[in-house]
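Q: Hi! Could you walk me through this model when you have a minute?
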Amino acid sequence: MLFLIAPAGIVLACFEIIPILIGMNASFRDWSLVNPQRTWVGLKQYVAVFTDPVFLKIVLPNTFLLMVASVGVSLALGLALASLLNRSFLGRAVVRTIILLPLTIAPVITATMMRWSFNDQFGVITTFLSYVGAPDIAWLSDRWPSFALVIMTDIWIWTPWFTIILLAALQGLPPEPFEAARIDAATPWCIFRRLTLPMLRPVIIVCVLIRAIDAFRTFDQVWILTGGGPARSTEVFSVYTYVLAFVDLDIGRGAAAAGVGAIIMLFVGGVLYKLVNRSVEVSR
Amino acid sequence: MIALALGSLRRAIFAISVAAIFVLFVGPIVILGVTSLRPASGVFYIWRGTNFTLNNFVEVLHQSQMLEAVWNSFVLSTLATILSLGITELSRFGGWIQRSWFATIYLFRTVPYISWVLPLYLVNTRLGIYDTYLGLLLPHIAVHVCFFSWLMKGFFDGINPSMEYAALIDGCTRWGAFCRVALPAAMPGIAALAILCWLSTWNEFLFVLILSGKRTPLITSTMAQFVTETGTEWNLMSATAVLAMMPALLVTSFGQKYVIRGLQM
C-alpha cells in the first residue's frame, strides 16, 4: 500500500521537506542583495538574530503577548457565547450563522475593515468613540493602541471558532449530571464551574493547543493593519522574518530568523502536545 | 411578583447580549458594505447620509485585473481542493507508514508558515515555477494534505469496519468495498473538508504575497495592492473587499452545516 501514500508523500517532500532543508542551508550563509556570493558563515546569522534588540525586545514579547492575549480572550468569549447559544431561543440559527461570518472572511479583508473603522480621522469607530466622549486615541500611530488593535482583530476573527467548537461540545455533554445538580439546587455559576468546565476540559485544551500554534504564525492581520509599524513596534515573528527576507532582501538572515521561529515552535508545540496528552488521559 | 420581575430582567439581559453579539459580528461588515457604496467624496461623511452609487464596483471591475484575479483565485481554490482531497484519499492505507506519517504531519503543523514559505520561494525560483499557478498550487496542496490526512483518518476510523467486511464477503474487491461502503459513509465529512479547504485557499495571503507576482494576480494580492499603495481610496478598496467576500459568503451560507461540521473536526 506504499504506492497509495506516495503522491501525498512526494508533494510533501518537494514542497515542505526539501524547502526546509534548503532554508537551513541558506541560514548558514551570508546571502543578501549586497552579497550574492552565498559564502558559508556558520552560526553568524543566528547570533545576529539572537543579539538583535528588535527581535529580543519587540518581536518575541509581541508574538507571545499576541498568542496569550488572543487565545485567552477568544477562549473566554467563545465559552461565554457558547453557553449563551446553548439555550434554545427564537432566531438561534440566524445568530449561529452570523457568528460564522468572521471565520469565512479573509483576514486581509478583516484587517482592512478594522483599519478603516479605526482610521484616525474618518473611522466610524473613532468617530463614535469621540462622540460618546472617550479620550482620543491615535489607534494606528502609537505602539500599544496599534498592538491592541491587532489583538482585537485576532480576537474578532477567532472567537467564532471557539464558540462553534465549544457549542458542539456543550451539546454533546450528558444531561444527567446537570439534572442532578439542579435538583441539588446548585446555582448556575456553580454548575458552570464545577460541572461544565471540567467536562469541557479536554476540548478546551485541544482548542488552545491548535490556536496557540496558529497564533504564533499570525501574519496577514499585522501586515495589513500596521505593517509592523509604527517604527517596527508591532512586528511579530512572521512579519520580522518577512521584512528581513523580502524587504531588506537579506535571505540568509531571514532564513536564520525563520529557523529560530521553527525551533521555538517545535519546542512549544512539543511541550503543549505532552501537556495535552497527559491532561486528556487524566480527564479520562 | 419579584420572581416575575427577575425573570423578565433576565430575559432582557439575554436579549441584549444576543443583540450585542449581532452588532459585534455584523457591524464591521456593514461598515465595509456601506463604504463600498459611497462615492469617493462621500466616504468621509460617516453619520450623514450621502447618495449611494454602484460606481465603485464598476470602476474596480474595469480598472484593475479584478475579474482576472477573481477567476484565478476561484480556479486555484477549486483545483487545490480537488487535488488535495484526491491525494489524501489515497493516503489512508498503511501500518507503520501511517504512524510515522502522522508524526511527520504533526511536526509540520507546528512549523510556522513563514519558515518554509521563504525557502519555498527559493525552490520555486530554482524550478522556474515562481509566479506561475503551478508554483502556487503545489504548496497549497502540500499544506492541505498535511491537515486533511489527520482529519480523514478521524472519520474513516469512525466507520464501522464490519460494513466493509460484509462488502468483501459479498464479493467486492478491497478497493470496491472502499469505494462503495467507506467512501459514501465518510462523504459528509469530506464535503466539510472540501469547503474548509476551498475557503482557506481563497483567503490565503502569505503564500500569495511571497509566491505570486505580476503574472498571477489573485484576489488577496489585488486587495493588498490597494492597502499599501496610497491607502486613501477607501471606497474602491471596500468595493474590492466586498467582491472578494461574496463567494466566501455564498459558499458559507449554502454549506453552513458542513462548515460547522468541518470546524468541529
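Predicted model: local features only at pLDDT ≥ 70, side-chain atom pairs only at ≥ 80, totals over all residues.

Q: Great. Let's start with the interface: how many residues of chain B are in contact with chain A?
A: On the chain B side there are 75 residues, and they are in contact with 83 residues of chain A.

Q: And how much area do the two chains bury between them?
A: Chain B and chain A bury about 7600 Å² between them. Carbon and sulfur atoms account for 82% of that area.

Q: Which three residues supply more than any other three on the chain B side?
A: Those are B:Phe14, B:Phe25 and B:Trp234, which supply 9% of the area that chain B buries against chain A.

Q: Which helix gives the largest share of that side?
A: Helix α1 of chain B, residues 2–36, with 13 residues.

Q: How do the residues on that side divide into nonpolar, polar and charged?
A: The side of chain B that touches chain A has 60 nonpolar residues, 13 polar ones and 2 charged ones.

Q: OK, how many salt bridges across the interface?
A: The rule finds 0 between chain B and chain A.

Q: And how many residue pairs in polar contact?
A: The count is 5 between chain B and chain A, with both residues of each pair at pLDDT 80 or more.

Q: Switching to chain A by itself: what is it built from?
A: Chain A has 12 helices and 2 strands. Going from the N terminus, the order is α-β-β-α-α-α-α-α-α-α-α-α-α-α.

Q: What box do its C-alpha atoms fill?
A: Roughly 75 × 65 × 35 Å for chain A, taken along the principal axes.

Q: What about contacts between residues at least 6 apart in sequence?
A: In chain A, 65% of those join residues at least 24 apart.

Q: Last topic: where is A:Thr234?
A: A:Thr234 is in the loop between α10 (220–225) and α11 (237–247) of chain A.

Q: Is A:Thr234 buried or exposed, and why?
A: A:Thr234 counts as buried because its relative accessible area is 0%, and the cut-off for buried is under 20%.

Q: Which residues is it in contact with, leaving aside neighbours within four places in sequence?
A: A:Thr234 is in contact with A:Asn62, A:Arg143, A:Ser146, A:Phe147, A:Val222, A:Thr226, A:Gly228 and A:Gly229.

Conventions:
Residues numbered from 1 in each chain as written. Chains lettered and ligands numbered in written order. Heavy atoms only, no water. Contact = heavy atoms within 4.5 Å. Buried area = accessible area lost by both parts, 1.4 Å probe. Salt bridge = Lys/Arg side-chain N within 4 Å of Asp/Glu carboxyl O. Polar contact = N/O pair within 3.5 Å; in protein donor to acceptor, adjacent residues only side chain to side chain. Helix = DSSP H or I, 4+ residues; strand = E, 2+ residues; numbered from the N terminus. Nonpolar A, V, L, I, M, F, W, Y, C, P; charged D, E, K, R; others polar. Buried < 20%, exposed > 50% of the residue type's maximum accessible area, 1.4 Å probe, protein only.
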